[in-house]
Amino acid sequence: MKVPILGMAIDERFLNHRLRSTSIAGMCGATVATGLFLYRDLVDRIISWDLFAVGVTMAAVKVAMMAWYRWKD
């Protein structure tokens, strides 16, 4: 599949690689936010609810989208 606006510069492989890299980046972000939350809780004894919210939100969106695509395919 070629993107008509951008011509030969962007093809199906580019879009697939962008999708995968964005997914991996999101999972890494959720892991770092959750890890930093746990570190601050266990070492500094400070509960950072904002980091907890970021990690849980990213994980919930990932699971919800996986379920959505599973039901719609």
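This is a predicted model: local features need pLDDT of at least 70, side-chain atom pairs count only at pLDDT 80 or more; totals for chains, interfaces and linings use all residues.

**Entry 1: the whole chain.** I looked up the secondary structure and found two helices and two strands in the protein chain. Reading along the sequence, I get the order β-β-α-α. Next I checked burial: the chain has 73 residues, and 11% of them count as buried.

**Entry 2: a nonpolar patch.** Which residues make the nonpolar surface patch of about 480 Å²? I listed Leu36, Leu38, Tyr39, Leu42 and Val43. Tyrosine 39 sits in helix H1, which covers residues 12-42. Its relative accessible area is 46%, so I put tyrosine 39 down as partly exposed, since that label covers values between 20% and 50%.

**Entry 3: serine 48.** Where is serine 48? I found it in the loop between H1 and helix H2, the latter being residues 49-72. Buried or exposed, I wondered about serine 48? Serine 48 is buried, because its relative accessible area is 8% and the cut-off for buried is under 20%. Then I looked for its contacts, leaving out residues up to four places away in sequence. With those set aside, serine 48 touches Phe37 and Arg40.

**Entry 4: to keep in mind.** Tyrosine 39 is partly exposed, while serine 48 is buried.

Key:
Residues are numbered from 1 along each chain as its sequence is written. Side-chain values use heavy atoms; hydrogens and water are left out. Patches are made of residues with over 30% relative accessible area and no salt bridge: like charges are joined within 9 Å, nonpolar side chains (Val, Leu, Ile, Met, Phe, Trp, Tyr) within 5 Å. Accessible areas come from the Shrake-Rupley method with a 1.4 Å probe; for residues, only the protein chains shown count as cover. A salt bridge is a side-chain nitrogen of Lys or Arg within 4 Å of a carboxyl oxygen of Asp or Glu. Helices (H or I, at least four residues) and strands (E, at least two) are DSSP runs, numbered from the N terminus. Buried means under 20% relative accessible area, exposed over 50%, partly exposed in between (1.4 Å probe, protein chains only). Contact means heavy atoms within 4.5 Å.
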